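Hi,

Here's the structure I promised to pass on.

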Amino acid sequence: MMSFLLYKALLVIIIFVISLVMAMYSTYGERKVAAFMQDRLGPNRAGPIGILQPLADGVKMFMKEEIIPNVSNKFLFVLGPSVAMFTSCITGAVIPWGTSLHIGNTYYPLQVTDINIGILYIMAVTSIGVYGIMIGGWASNNKYSLMGALRASSQMISYEIAMGLAIIALVMHTGTLSLGKIAAMQTSWHWNVIYQPLGFLIFLICAFAETNRTPFDLPESDSELIGGYHTEYSSMKLGFYLFAEYINMFISSAVISTIYFGGYHMPFVGHIASGNFLAILGVIFLFAKIIFFIFFFMWVRWTLPRFRYDQLMNLGWKVLIPLSIFNIGLTGFLMWATGRIH
Amino acid sequence: MQALTTRSKVAVDKKMTLKERLYLPAIIGGMAITLKHFFMKKVTIQYPEQTREFAPVYRGQHVLKRDDNGAERCTACGLCAVACPAEAITMTAAERKKGEENLYREEKYASVYEINMLRCIFCGLCEEACPKEAIFLTDRKVDSEYQRGIFVYGKDKLVEKMDERVDVSKRQTKEVIEFKKHPEYAHNQLNKSLK
């Protein structure tokens, strides 16, 4: 029992640290990718090729003056970034980071908890994530913050529907809500993206909207809302908001890789490795996929301009939702046609 | 009227085709462009280690030339001050005394010659106006300072020193050099001193 708790605690800490480090280096990666796509070099002075830049940014964030506006609701003002950070950190619990390590006579699965409604858990937690932004924007008592918060909440609620419908089609295909089982069943090349290309596309677009990334970054839209919901924030509270966005990006990439891109599976690798070595290779493959999707998020950000708000709502309600309902029907029809249901 | 560019398109309020309404082909096209730039050569010049090369005709801090004997070429005619659109140049003329022939090339010289570097726009009109080939713009930069007064450069900073002469040959195009070889201007040649 003790060793079980110890192993779980260790796993939680490792995942927590990895999430934070990934988010830290996503900020560095974002600046590098932005620079490279604009024919610049990006940060390269702090350490070799600028590798210490996130540390310098972190120190700067901590050293800055902390300002809490007089007219704000102090309790909610502090609660906002805390909720945002908390919700983005707890999502990693249900993601299967690998198969399991066989040490001694015990198998240690590389997943904190394989609850049988893993996907619903992720949907629920991301919904709570809206509160972080909403509370922060409202508590600031600033019209720009409020506008950003309003935009964020309506956008995230709208796109959650399409996202949920895309997942329904996926669940029809997999027959389970458990992320562990979904990852385990996509052996070698049987990735879900091959069976659910339309669902993947809808999920990807919704993931962009849910993480408030360009082209759906209307809650922040620096050029119109002076930063949106975090206009009044400074120092590490601002840092938490920005950081939460990068953790969300990391978790979204992990979820996309897990449910659509085979998780820790890779074609043909079963022939060259087995046992613990295969498990570790699986973790590496999963992280390679995650890093690719983080890069993809950045790639899109530095390519596409921001949507107008009515375009955003049109896309969400009039295109993605009908499309995902069509996808559900199509999935059902194909399953009936191939004889998987009667 | 001649079109200014071949890439301009007339904006029309036409119905978008299905391909355009899908957005995805255009998005993929855009992403291909950014990915291409991702691998392109970067244009950044990393300043303290690298510096951008100056054009050969760069117009920087002025120099008041001396001739080969070390005599100042300027005769304080004031044409540069008249030509200056920013009114940055002032001078006081003085008469050459006996025994000063090594110091000044002609009978009249500038005892005070000042250029206000904050007013100067580095257009090079002073250089064009000068009949004595005395003033030139060079590829040196004006130093930054903390006080405004320091930017009024006097003769101590402007007149070239004989042990570190400033090369201004690049400021003159081939045609100008050719033109100045005309016998009428022989007395004025840059590196020739009056006997």
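Let's start with helix α3 of chain A, which covers residues 74-90. It has 17 residues and reaches 25 Å from its first C-alpha to its last, close to the 24 Å expected at 1.5 Å a residue. Keep in mind that this is a predicted model.

Which residues of α3(A) are buried? They are Phe77(A), Gly80(A), Pro81(A), Val83(A), Ala84(A), Thr87(A), Ser88(A) and Cys89(A). If you want to see what they pack against, look at α1 (2-37), α4 (118-139) and α10 (235-260) of chain A.

Next, some helix pairs. Two packed helices are described by the angle between their axes and the distance between the axes, so that's what I looked up for each pair.

Take helix α5 (residues 143-174) and helix α8 (residues 197-210), both in chain A. Their axes come within 9 Å and cross at roughly 155°. Angles over 145 degrees count as roughly antiparallel, so that is what α5(A) and α8(A) are to each other. Their crossing is left-handed. On the α5(A) side, the contact is made by Gln155(A), Met156(A), Tyr159(A), Ala162(A), Met163(A), Ala166(A), Ala169(A) and Leu170(A). On the α8(A) side you'll find Gly199(A), Ile202(A), Phe203(A), Cys206(A), Ala209(A) and Glu210(A). By class, that contact has 11 nonpolar, two polar and one charged residues.

Now bring in helix α12 (residues 309-337) of chain A. Its axis and that of α5(A) come within 8 Å and cross at roughly 10°, which makes the two helices roughly parallel. The residues of this contact divide into 17 nonpolar, eight polar and one charged.

And how do α8(A) and α12(A) pack? Their angle is about 150°, with the axes 10 Å apart, so these two are roughly antiparallel. α8(A) passes α12(A) in a left-handed crossing. Here Leu198(A), Gly199(A), Ile202(A), Ile205(A) and Cys206(A) of α8(A) meet Leu320(A), Leu323(A), Ser324(A) and Asn327(A) of α12(A). This contact has six nonpolar, three polar and no charged residues.

One last thing, about the two chains. How many residues does each one put into the contact? Chain B gives 10 residues and chain A gives nine. The side of chain B that touches chain A has five nonpolar, four polar and one charged residues.

Cheers

Notes:
Residues are numbered from 1 along each chain as its sequence is written. Chains are lettered from A and ligands numbered from 1 in the order in which they are written. This is a predicted model: local features need pLDDT of at least 70, side-chain atom pairs count only at pLDDT 80 or more; totals for chains, interfaces and linings use all residues. Axes are lines fitted to C-alpha atoms, for helices over the stretch in contact, and angles run from 0 to 180 degrees between N-to-C directions. Helices (H or I, at least four residues) and strands (E, at least two) are DSSP runs, numbered from the N terminus. Angles under 35 degrees count as roughly parallel, over 145 as roughly antiparallel, 65 to 115 as roughly perpendicular and the rest as oblique. A crossing is left-handed if the near helix is turned anticlockwise from the far one by less than a right angle, and right-handed if clockwise. Two residues are in contact if their C-beta atoms, placed from the backbone, lie within 7 Å. Ala, Val, Leu, Ile, Met, Phe, Trp, Tyr, Cys and Pro count as nonpolar, Asp, Glu, Lys and Arg as charged, and the others, Gly among them, as polar. The expected span of a helix is 1.5 Å times one less than its number of residues. A residue is buried if 20 or more other C-beta atoms lie within 10 Å of its own, exposed if 12 or fewer, and partly exposed in between; C-beta atoms are placed from the backbone.
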